[in-house]
Amino acid sequence: MEILKAIRGFDDILLEEAKKFRVITNTFRNLFEVYNFEEIILPIVEYKELFDRSVGEITDIVQKEMFVFEDKSHRVLALRPEGTAGVVRAIVEHGLLYKHPTLKLFYEGSMFRYERPQTGRKRQFNQIGAEVFGVEDPIADFETIKLCFEAFNKLSIDIILEINSIGCPKCRPKYKEALVNYLHSIGGLCEDCNVRKEKNPLRVLDCKVETCKELIKEAPVMLDYLCEECDTHYKSLKTYLKEFNIPYIENPRLVRGLDYYTKTVFEFIKDGLTVLAGGRYDYLVESLRGPHTPAVGFAAGIERIMLYINEIPQKPLYALVYLEEAKIYALKLANSLRQDGLKVEIITRGTNLKKKLEIANKIGASYTIIIGPEEIRKNVYILKDMNKKEQKEIPFSFS
RNA sequence: GAGGAUGUAGCUCAGUUGGCAGAGCGAGGGAUUGUGGAUCCCUAUGCCGCGGGUUCGACUCCCGUCAUCCUCCCCA
């Protein structure tokens with residue numbers, strides 16, 4: 001057994017990477033706060049059936065990507081592959097929708113999918129996401145998208161927003177029928193698409209094979225089939241986006257993988273990689289035995305966003321160097337500086353001052369503070385600027 | 001689940017037709033005890049991913065396996 005090896009697809013997030021991770025989650029959290037979202041912290045394990053019923057039984061996520069296991073009481077459980085199902089389960093279970101006419105929740109945590117790992121795709125990965133329950137109005141779609149857009153702005157990531165509407169149970173069947181008819185009327189689709197057109201015809205629309213792309217150009221478009229309600233909803237959303245100068249690309253071939261979406265779907269894409277995606281799901285809550293509740297939400301892949309975060313500026317580091325006789329004063333000085341909010345590292349290694357300064361330099365200290373018997377006598381410490389190579393005495397009383 | 005590439009020091013990588021495992025960077029120590037980065041000197045580290053096979057002999061050839069990276073499927 002290789003105990004000194006992490007499991008395939010379960011990666012450590014170390015040091016610098018952990019900082020990027022936190023910058024991203026903090027950015028979203030700050031926005032959640034001003035948009036008045038509340039946090040919900042959920043279990044990682046749920047009944048497998050919850051995901052079958054919400055994510056959709058014919059999706060790949062459910063069919064081949066879930067970590068499923070049986071516990072000692074023979075319950076069939078799964079590690080959550082996404083966050084929305086759990087959120088909906090929780091609010092229905094606790095009747096939150098009856099207490100709050102609208103409910104805005106965000107979550108953060110690990111998700112699990114049994115896939116072949118590659119860039120921006122791990123078996124354990126982290127998402128931060130949010131859900132708005134109880135708002136029919138497209139203003140909810142807009143605000144959700146706006147919040148995400150602001151997040152990328154704050155993270156200085158240039159990103160492309162794609163939107164589409166995939167209709168509702170009233171209008172989508174007609175479109176599906178038209179699409180299936182079209183797909184059957186033509187030949188030359190790739191092997192995968194021939195499977196898709198039976199299993200999940202909408203997915204043919206975003207096939208990457210060139211020949212398929214050509215054939216799809218002629219295919220019927222969902223937007224032409226939207227019922228009046230869906231059409232107005234979609235148009236309002238676009239109006240709001242324009243009003244706020246949020247650039248977007250209308251992608252009539254954008255379909256989301258999960259079954260529960262209705263009307264609005266959107267993705268934030270960087271270099272061809274989807275880093276955040278979401279949409280409206282007006283019927284999921286009732287399909288999980290809750291009251292009819294329209295909803296819209298999104299999830300962002302933290303590791304995927306991390307790929308586009310540059311170096312993070314650090315707080316200047318103060319290395320505190322002491323001579324053996326001044327040890328106790330050094331501890332007091334460090335304590336005092338830290339209470340003033342400075343980042344202080346006490347240099348404990350090194351036998352002489354030269355060595356200690358070498359270490360201070362090595363750990364990247366911007367300043368070094370030196371304290372020895374002379375300084376104690378004079379009630380000062382030496383503050384040395386490591387870049388300018390200048391130093392001065394700062395008064396300090398050692399009580 | 002399918003295809004391809006790659007696994008040698010902490011990191012980046014050499015390693016000839018099969019013949020005692022190397023470099024650079026980094027790390028530790030030193031040119032002495034109150035001032036760092038440069039230079040110089042010294043030192044160490046390896047189940048050559050793992051398991052089998054061929055061979056007098058395998059880092060090198062063959063088979064298997066595991067892992068990493070890149071496509072695809074799918075997805076955040």
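How near do the axes of helix 1 and helix 6 come, and at what angle do they cross?

Author: This is a predicted model, in which local features need pLDDT of at least 70 and side-chain atom pairs count only at pLDDT 80 or more, while totals for chains, interfaces and linings use all residues. Residues are numbered from 1 along each chain as its sequence is written, chains are lettered from A and ligands numbered from 1 in the order in which they are written, and side-chain values use heavy atoms, with hydrogens and water left out.

The axes of helix 1 (residues 15-34) and helix 6 come within 10 Å and cross at roughly 140°. Here an axis is a line fitted to C-alpha atoms, for helices over the stretch in contact, and the angle runs from 0 to 180 degrees between N-to-C directions; helices (H or I, at least four residues) and strands (E, at least two) are DSSP runs numbered from the N terminus. Helix 1 and helix 6 are therefore oblique to each other, since angles under 35 degrees count as roughly parallel, over 145 as roughly antiparallel, 65 to 115 as roughly perpendicular and the rest as oblique.

On the side of helix 1, the contact (heavy atoms within 4.5 Å) is made by Thr-27, Phe-28, Leu-31 and Phe-32, and on the side of helix 6 by Leu-147, Glu-150, Ala-151 and Lys-154. Divided by class, the contact of helix 1 with helix 6 has five nonpolar residues, one polar and two charged, where Ala, Val, Leu, Ile, Met, Phe, Trp, Tyr, Cys and Pro count as nonpolar, Asp, Glu, Lys and Arg as charged, and the others, Gly among them, as polar.

Helix 6 (residues 139-154) also meets helix 10 (residues 228-243), and there the axes come within 9 Å and cross at roughly 40°. Helix 6 and helix 10 are therefore oblique to each other, and helix 6 passes helix 10 in a right-handed crossing. Helix 6 contributes Ile-139, Asp-141, Phe-142 and Ile-145 to this contact, while helix 10 contributes His-233, Leu-237, Tyr-240 and Leu-241. The contact of helix 6 with helix 10 comprises six nonpolar residues, one polar and one charged.

Cys-148 counts as buried because its relative accessibility is 0%, buried being under 20% relative accessible area, exposed over 50% and partly exposed in between (1.4 Å probe, protein chains only). Cys-230 is likewise buried, with a relative accessible area of 1%. The closest cysteine sulfur to that of Cys-230 is in Cys-168, and because the separation is 3.5 Å it is too far for a bond. A disulfide is a covalent bond between the sulfur atoms of two cysteines. Counted as pairs of cysteine sulfur atoms within 2.5 Å, disulfides come to zero.

Returning to helix 1, one of its contact residues, Phe-32, is also touched by Phe-106, which is found in strand 5 (residues 103-112). Phe-106 counts as buried at 6% relative accessibility. Not counting residues up to four places away in sequence, Phe-106 touches Arg-29, Phe-32, Phe-37, Glu-38, Glu-39, Ile-40, Gly-129 and Ala-130. Although Phe-106 and Glu-38 are 68 residues apart along the chain, their C-alpha atoms are separated by 6.1 Å.

Leu-147, which belongs to the helix 6 side of the contact with helix 1, also gives a reference point for a residue elsewhere in the chain: Ala-365 and Leu-147 are 218 residues apart in sequence and 37 Å apart in space, C-alpha to C-alpha. Ala-365 lies in the loop between helix 14 (353-362) and strand 14 (367-371), and with a relative accessible area of 7% it is buried. Leaving aside its neighbours within four places in sequence, Ala-365 is in contact with Leu-317, Ala-319, Ala-360 and Met-386. Met-386 is also touched by Leu-357, whose place is in helix 14.

Technical notes:
A crossing is left-handed if the near helix is turned anticlockwise from the far one by less than a right angle, and right-handed if clockwise.
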